[in-house]
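Here's a quick walk through one protein model, from the whole chain down to a few single residues. Have the sequence and the structure open as you read.

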Amino acid sequence: MMKKSVYSLVLMDDVVKAVDNEAYRLGTSRSNLINQILAEHLSCVTPEMRMREIFSSLEELVSGNFQVQQQRSASLMTIKTALDYKYRPTISYKVELERIPDSRLGTLRVQIRTQNSALTELFNSFFVYRGKLEAAMSAKRGRSDYGCELVSGCFVRRLLGNGVESESTGEAISRYLDNLNKSIQVYFSSPQDFSVYAPKLEAEYAELLDEYMI
């Protein structure tokens, strides 16, 4: 864990003003920005640098299938895609990383944007299935810390820490989102036929977990 201590620094007023303006633009605090600037200058790795590296890798990998949204927070990335369904409703995936990850890498929030109650019910029914699948597959691999929650039209789950490098973490999240989005698209396109395609999609998810616990 990266410890933090309190230090006193004497800075020029113009420097403090410039730092405050940049911190406001980036949505962070003065002390955090100064910490990042010094860390980069001295080649130290900060949580923000680690998160940027993960998100940079993730953005590069998902850019062909998803639309990446601009975020002010260093710990959050939002990506969106349209469902292949009438009215083409939007699904958003919000990945929020822990600054100091341990067994928990972060949180994923999946949400559908629609006023159609039938579509919301379809979303809910898919994630009842998906939540049970993910919990069972994680437990089978010795992870009892998987957790998820489903509130109408919104699915939230823990992203499990896998102890790999930032670039590999970005790849793990990318592959998970790809499998999840593919499953959602297939389910919405033909719910009654989903059982035909589910075994292959579940096998792909199992392969991912064998390589990266996520």
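What percentage of the 214 residues in the protein chain do buried residues make up? They make up 42%. Keep in mind that this is a predicted model.

**The whole chain**

The protein chain has 6 helices and 6 strands. Reading from the N terminus, the elements go α-α-α-β-β-β-β-α-β-β-α-α. Its C-alpha atoms fill a box of roughly 65 × 40 × 30 Å along the principal axes. Take the contacts between residues at least 6 apart in sequence: 56% of these join residues at least 24 apart.

**Helix α1**

Helix α1 covers residues 13–26, which is 14 residues. From first C-alpha to last, α1 reaches 20 Å, close to the 20 Å expected at 1.5 Å a residue. Which residues of α1 are buried? Val16, Val19 and Ala23 are. Looking down the axis of α1, the buried residues fall within an arc of 65°, so they line one face of the helix. Over on the other side of α1, you'll find Asp14, Lys17, Tyr24 and Arg25 exposed. Just after α1 comes Gly27, with a positive phi of about 70°.

**The second largest pocket**

This pocket has a volume of about 550 Å³. How many residues line the second largest pocket? The count is 22, and Arg52, Gln71, Arg72, Ser73 and Ala74 lie nearest its centre. The elements giving two or more residues to the lining are α2 (30–41), α3 (47–62), β1 (67–69) and β2 (76–82). By type, the lining residues divide into 8 nonpolar, 9 polar and 5 charged.

| Residue | Helix | Relative accessible area |
|---|---|---|
| Arg50 | α3 | 15% |
| Asn124 | α4 (residues 117–140) | 12% |

Why does Arg50 count as buried? Its relative accessible area is 15%, and buried means under 20%. Asn124, at 12%, counts as buried too.

What does Asn124 touch, leaving aside residues up to four places away in sequence? Its partners are Leu150, Val151, Ser152 and Gly153.

Definitions and conventions. Residues numbered from 1 in each chain as written. Predicted model: local features only at pLDDT ≥ 70, side-chain atom pairs only at ≥ 80, totals over all residues. Heavy atoms only, no water. Helix = DSSP H or I, 4+ residues; strand = E, 2+ residues; numbered from the N terminus. Expected span 1.5 Å × (residues − 1). Buried < 20%, exposed > 50% of the residue type's maximum accessible area, 1.4 Å probe, protein only. Arc of directions from axis to C-beta. 1 Å grid on protein atoms, 1.4 Å probe; cavity = no way out; pocket = protein on both sides within 12 Å on 5 of 7 lines; lining within 4 Å. Points joined across faces, edges and corners; volume = space filled by probe spheres on them. Nonpolar A, V, L, I, M, F, W, Y, C, P; charged D, E, K, R; others polar. Contact = heavy atoms within 4.5 Å.
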